[in-house]
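Please consult the sequence and the structure shown below.

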Amino acid sequence: MSKSAPVKKTTSKIWDKVKDVVDPDRALQATVAAAIEGVAVRNVLGMAPETWKPGKPLKLLLAGYVGTRNTGADVRVEEMIRQLRHVVGDDQLELTIMTVDPKLTRGYFRAVHQIELPAVFPKFIATECPKHHGVIACEGSMFKSKFSSALTCFMAGALGLANAENKVSVGYGAEAGNMTPALRDFVRDACKKSLVICRNEPSRKVLGELGIRTTSGADTAWTFDPAPLSRGAQLLRDAGWDGRQKVLVVCPINPFWWPVKPDLLKYAAYKLGGQYKHEHYSAFYFHHHSEAADKKYNAYIQALADGVNAFAAEREFFTILVGMEQLDRHACEDLQPRLDRGGALFVSDEHDMYDLVSVLRNCSMMVSSRFHAIVTSMPGLVPSAGVTMDERIRNLMNDRGHPDMFFEVDEEGLGDKLLHTLRRLWRDAEGISADIARAVPAQLKLMGQMGIDFMDEVVRVYPEFPRRDLPRTWEAHLPPLPPGVQRLLERHA
């Protein structure tokens with residue numbers, strides 16, 4: 001061993017400790033934890049700025065991932081709002097939502113007050129949350145480090161601020177997965193008095209290990225009413241569809257540039273010299289980037305292309321590429337030139353959630369790496385398969401009885417497996433649609449139960465709150481259903 005080896009080893013250990021101390025995610029968690037403690041002390045001293053009293057409407061603050069043109073996040077929040085209004089009552093409810101960019105949520109969430117969420121959020125949420133009688137965390141990927149520990153810190157922190165004042169603190173339709181040890185500790189402390197309504201049982205297990213109260217629920221996107229099918233059909237015709245061919249929709253992403261992390265050094269280089277432009281997300285947040293990640297991404301895009309091209313050699317169909325979030329434009333534009341027949345692009349930076357879901361429901365089959373592309377297409381009975389980067393699509397496919405219709409984004413032989421699956425989507429479309437039709441009512445039942453559980457939590461925290469006179473059934477706690485969803489429910493419930 002050279003003399004320099006022990007020095008290098010020691011230096012490495014010191015650098016690891018330094019990184020732990022200055023890690024931006026940990027610093028963010030510590031800052032929010034301090035804010036929660038400050039609000040708790042103020043509450044003990046009787047200095048809470050807003051408390052609910054009989055005769056007052058319930059003021060709830062929604063904390064989630066809206067304002068980025070993520071279609072799934074926007075759809076689920078839209079339906080959450082409709083359900084909350086239905087079960088609580090419009091005259092008893094005042095809703096406020098935090099949005100990353102008010103311009104991108106203009107026309108969404110009608111009659112809900114929108115406030116802009118700054119990139120540096122600890123002081124903002126410490127000031128804003130106490131102005132309300134409760135906080136509802138509303139992003140699906142609520143407790144996980146896969147996408148961004150900062151996003152989980154934001155939502156768990158908002159719930160923790162509500163807990164500090166003994167107010168309503170509910171995670172609505174949440175999913176939980178792998179978290180860094182530091183984030184797990186933060187979530188355990190911040191959400192120990194919260195109720196988290198989970199959209200699958202594996203998520204309940206993750207949070208149960210942290211001692212957090214949970215109940216079973218669902219995603220809330222199932223009841224969404226998009227633009228009429230004729231609108232989506234017209235958009236497809238405008239893009240070159242002949243109105244007769246079957247339509248294959250592919251929803252690609254970049255699975256390998258997550259998580260997003262705050263990085264002040266990269267931000268300085270980005271602002272001063274234009275470096276790291278490709279991996280810049282927003283403000284001082286940056287996507288993960290490495291040569292290995294680039295190679296995996298290229299292999300994933302090529303596998304999608306290989307599967308579609310091989311199938312196109314066998315069948316005639318019209319292909320579209322859908323970007324459910326504006327970030328997905330890059331993946332759509334990377335995939336498009338690799339397709340032998342090309343593909344029309346529909347991306348959420350140009351199409352709102354009503355039009356985009358209408359387009360999806362006009363399709364004949366789907367291959368998607370976006371969870372909500374599958375969910376929002378299912379009430380239209382579109383046969384679908386998933387290529388997943390995490391547990392969300394995996395859990396969904398298992399729940400609907402199709403454990404053989406999803407693959408991992410880095411799976412060996414992905415292109416060949418997609419070809420076989422596309423053949424099945426074409427050949428067994430009627431049977432797959434029938435399976436989907438039976439699965440949707442089960443999700444609606446869980447969603448209705450969420451309304452009951454939410455109102456139980458409200459009256460637990462505020463015993464004098466006037467509960468609406470609704471039958472204690474899951475059907476009575478669903479928002480008004482679109483005709484197509486109502487028909488599915490009547491036929492298969």
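**Sheet architecture and helix packing**

The sheet is open and has 6 strands, arranged in the order β14-β13-β9-β15-β16-β17 with parallel pairing. The model is predicted.

**Edges and twist of the sheet**

- The edge positions belong to β14 (344-347) and β17 (406-408); each has a single partner strand, so one side of each is left without a neighbour in the sheet.
- From one strand to the next, the twist averages 20 degrees.

**Pairing of β15 with β16**

- Strand β15 (residues 365-368) pairs with strand β16 (residues 384-388) in the parallel sense, over 3 bridges.
- Val-367 has Ala-385 of β16 as its bridge partner.

**Helices on the sheet**

- Helix α10 (residues 291-312) packs on the sheet and touches β9 (247-251), β13 (318-323), β15 and β16.
- The direction of α10 makes about 170 degrees with that of β9.
- Helix α12 also packs on the sheet, where it touches β9, β13, β14 and β15.
- The direction of α12 makes about 145 degrees with that of β13.

**Packing of α8 against α12**

- Helix α8 (residues 229-238) packs with helix α12 (residues 353-361) at an angle of about 80 degrees, and their axes are 8 Å apart.
- This angle makes α8 roughly perpendicular to α12.
- On the α8 side, the contact is made by Leu-229, Arg-231, Gly-232, Leu-235 and Leu-236.
- On the α12 side, Asp-355, Ser-358, Val-359 and Arg-361 make the contact.
- The residues of this contact between α8 and α12 comprise 4 nonpolar, 2 polar and 3 charged.

Terms used
Residues numbered from 1 in each chain as written. Predicted model: local features only at pLDDT ≥ 70, side-chain atom pairs only at ≥ 80, totals over all residues. Heavy atoms only, no water. Axes fitted to C-alpha atoms, helices over the stretch in contact; angles between N-to-C directions. Helix = DSSP H or I, 4+ residues; strand = E, 2+ residues; numbered from the N terminus. Parallel < 35°, antiparallel > 145°, perpendicular 65-115°, else oblique. Contact = heavy atoms within 4.5 Å. Nonpolar A, V, L, I, M, F, W, Y, C, P; charged D, E, K, R; others polar. Pairing = 2+ DSSP bridges.
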